[in-house]
Amino acid sequence: MSMDRRQFLKITGVSTILGIGAVAGVNGLSRSPVEASQVEPSPDALKAKRWGFVIDMSKFRTDDDFTRVRHACHSIHNVPDIDNPKVEIKWIWKDTYEHTFPGQESKYMAEEMKDKPFMVLCNHCDNPPCVRVCPTKATFKRSDGIVMMDMHRCIGCRFCMAACPFGARSFNFGDPRPFIKEPNPEFPTRTKGVVEKCTFCYERLAKGLNPACVDASQGGIVFGDLEDPKSEVRRLISKHYTIRRKLELGTEPSVYYIIGGNENA
Amino acid sequence: MYDSGKIITGLLVFVAIVSFPFVYSRGTNIVKPEPKIDTPVIQQMAVKQCVQPRAFMRAEHMQLLNDWRDSVVRDGNRVYVGFGGKQYNMSLQNTCMHCHSNKKEFCDSCHNFMSVKPYCWDCHIAPKENKS
Ligand code: SF4
Ligand code: SF4
């Protein structure tokens, strides 16, 4: 069949239009079943512009103060208990002063401060480097300041672990399930090959509950909206001398520490 | 036509290969899976109604679950307004499996038949089932 230029252009034109029409038609048919109007926030969810913690170290005196809080978090979130520091998983844990605030130890500082353990967890940074490096947006910052993980999207590249200057993230080198003694049937576990960390108890906030560590800490951990000048956290921060971790890196942690141990703390 | 012999033989071989599975399985009795919905929770419901009508759930539950996940994890919106305006907590483990506590007879019966292997249960905890 021979065809001149004009005919050729006509045929390509018509078939392009038909093709676009067909694609649009198919897209229109396979509409997503969940419309925006079909979902709502839970009515009793706790809300904030930017969630944050104030940790009062004067309330963490005994070993039990630390283990109680850690257990509260780890047991409800099905965090495996692996006894090997190379592959352990932790959402909230105890670390030394020099690891928590490196560069801030001075030569003749009080021994008790130098040896004091600190309660550390993800800082839910305002400017989170972990989010910036994630190639799949599996970790992202919610509008309320929580730095979240979408486990479905995590491909286990561990860029976030390299980017986080606080060691707040752990990697599942193997199946975590054998290491979870009493799984909480209301919360998922993780699987081999994903990174996990503290999620600010987003699932509890949605039900109007406090984060589990806050409830277990007997006043040692206070949470609230850092952008609300009337919140409890802001009141504490304005009244006490507080420090945050590795400020020089510019990640803007949302976790404040009250460290002085005495009445003025 | 040149090489008509080769072309026609090739076509015949092609048709034979493509139609082999259909011819082979003719006459075998294929039992369609019947996902069971006779769990205690469902039996106690006055109106046995899922979050959307049955036909929709059959065809679209995977898409629905994906959308639930995005809404809960990304936007923090947990309430789904389902069929007839009823509200549900969007949760596979706590809402879907609360009624469908028979994963083996419900989820697995179709998934195994269709040979699909969703990885939901790598993380989400399946309900405890009485082995019967
Ligand atoms: S502490 Fe680490 S994991 Fe948490 S938000 Fe900051 S950079 Fe990310
Ligand atoms: S906020 Fe929740 S997830 Fe984060 S450390 Fe506290 S208890 Fe664990």
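Biologist: How do the residues of the shell around ligand 2 divide into nonpolar, polar and charged?

Modeller: Please keep in mind that this is a predicted model. The shell around ligand 2 holds 11 nonpolar residues, two polar ones and no charged ones. In total 13 residues surround this ligand, and the closest are A:Cys73, A:His77, A:Cys198, A:Cys201 and A:Cys213.

Biologist: Which residues of helix 9 of chain A are buried?

Modeller: The general idea comes first. An α-helix has 3.6 residues a turn, so residues three or four places apart point the same way. In helix 9 of chain A, residues 232-239, the buried ones are A:Val233, A:Leu236 and A:Ile237. Seen down the axis of helix 9 of chain A, these buried residues fall within an arc of 95°, so they line one face of the helix. They pack against strand 2, strand 9, strand 10 and strand 11 of chain A. On the other side of helix 9, A:Ser238 and A:Lys239 are exposed.

Biologist: What kind of aromatic pair do A:Phe171 and A:Phe173 form?

Modeller: A pair of aromatic rings is described by the distance of the centres and the angle of the planes. The whole structure contains 13 aromatic pairs over all chains. A:Phe171 and A:Phe173 form an edge-to-face pair, with 4.8 Å centre to centre and 85° between the planes. A:Phe171 is buried at 9% relative accessible area, whereas A:Phe173 is partly exposed at 44%.

Biologist: What sits over the ring of A:Phe171?

Modeller: The charged end of A:Arg158 does, 4.4 Å from the ring centre.

Terms used
Residues numbered from 1 in each chain as written. Chains lettered and ligands numbered in written order. Predicted model: local features only at pLDDT ≥ 70, side-chain atom pairs only at ≥ 80, totals over all residues. Heavy atoms only, no water. Near = heavy atom within 4 Å. Nonpolar A, V, L, I, M, F, W, Y, C, P; charged D, E, K, R; others polar. Buried < 20%, exposed > 50% of the residue type's maximum accessible area, 1.4 Å probe, protein only. Helix = DSSP H or I, 4+ residues; strand = E, 2+ residues; numbered from the N terminus. Arc of directions from axis to C-beta. Contact = heavy atoms within 4.5 Å. Phe/Tyr/Trp six-rings, centres within 6.5 Å; stacked < 30°, edge-to-face > 60°. Lys NZ or Arg CZ within 6 Å of the ring centre and 35° of its normal.
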